[in-house]
Amino acid sequence: RGTGKTTTARIFAKAMNCAQGPSPIPCNACTACREITAGNSSDVFEIDGASNNSVDQIRELRENVTYMPSALRYKIYIIDEVHMLSTQAFNALLKTLEEPPAHVLFVFATTEFHKIPATILSRCQKHDLRRISMEELSENILRLCGKEGYTLDPAGADVIAAEADGSVRDSLSLLDRVIAASPQGSIQYETVLESLGVVDRQITADIAEAVIQSDGARI
């Protein structure tokens with residue numbers, strides 16, 4: 001979760017429809033890129049699989065894909081949480097996925113890969129997104145703090161990154177919580193620990209060392 005599946009799908013939509021492309025690096029300046037970034041493109045559809053999981057809704061989608069794009073090069077359907085579709089809805093998609101119109105692309109995002117029927121998987125390319133490393137999360141947190149006018153101890157950023165457990169979205173939520181407790185603009189290491197309810201790792205290390213040395217008084 002929170003590793004950029006839907007964001008990657010949007011970037012892919014821009015790459016395929018960019019006026020300079022299809023290009024691996026969209027320009028972010030043309031009309032297509034700007035509209036997709038703003039989320040108001042008439043040819044890029046983001047569908048929540050959890051709330052659009054009935055067979056009737058998928059049949060309607062299947063009928064709509066036959067129409068040409070109104071403005072862009074491709075019509076792109078991004079279905080988030082695709083594992084939430086019903087079995088009947090998946091079955092309704094089969095033929096379209098097997099022989100999609102040349103002007104249509106589907107991108108499915110899910111955290112529950114094992115729940116997708118094999119008949120669907122065999123018609124798709126599969127790309128696994130790994131968890132983001134702690135170092136990358138920490139760097140991103142510090143960069144965002146700098147842009148927002150906050151100073152943060154790198155050790156504090158490491159704590160937030162560790163608690164995020166590889167999820168960029170979780171790191172942003174945790175950072176919001178820490179910022180809310182630091183209105184003065186300077187985020188102290190102790191504030192991070194207190195806000196997140198985390199024990200200083202140094203304390204854990206000191207206890208472990210004292211146990212190894214059989215130092216009861218130090219413990």
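Visitor: What volume does the second largest pocket have?

Guide: The second largest pocket has about 200 Å³, a volume being the space filled by probe spheres set on grid points that are joined across faces, edges and corners. This is a predicted model, in which local features need pLDDT of at least 70 and side-chain atom pairs count only at pLDDT 80 or more, while totals for chains, interfaces and linings use all residues. Residues are numbered from 1 along each chain as its sequence is written, and side-chain values use heavy atoms, with hydrogens and water left out.

Visitor: Why are G2, K5, T6, D80 and R169 counted in the lining of the second largest pocket?

Guide: They are among its 13 lining residues, and lie nearest its centre; a lining residue has an atom within 4 Å of a pocket point, and a pocket is an open set of points on a 1 Å grid over the protein atoms alone, where a 1.4 Å probe fits, with protein on both sides within 12 Å along at least five of seven lines.

Visitor: What makes up the lining of the largest pocket?

Guide: Its residues divide into 17 nonpolar, eight polar and seven charged, where Ala, Val, Leu, Ile, Met, Phe, Trp, Tyr, Cys and Pro count as nonpolar, Asp, Glu, Lys and Arg as charged, and the others, Gly among them, as polar. The strand β3 gives the largest share of this lining, six residues, and the largest pocket holds about 1100 Å³ of space.

Terms used: Helix = DSSP H or I, 4+ residues; strand = E, 2+ residues; numbered from the N terminus.
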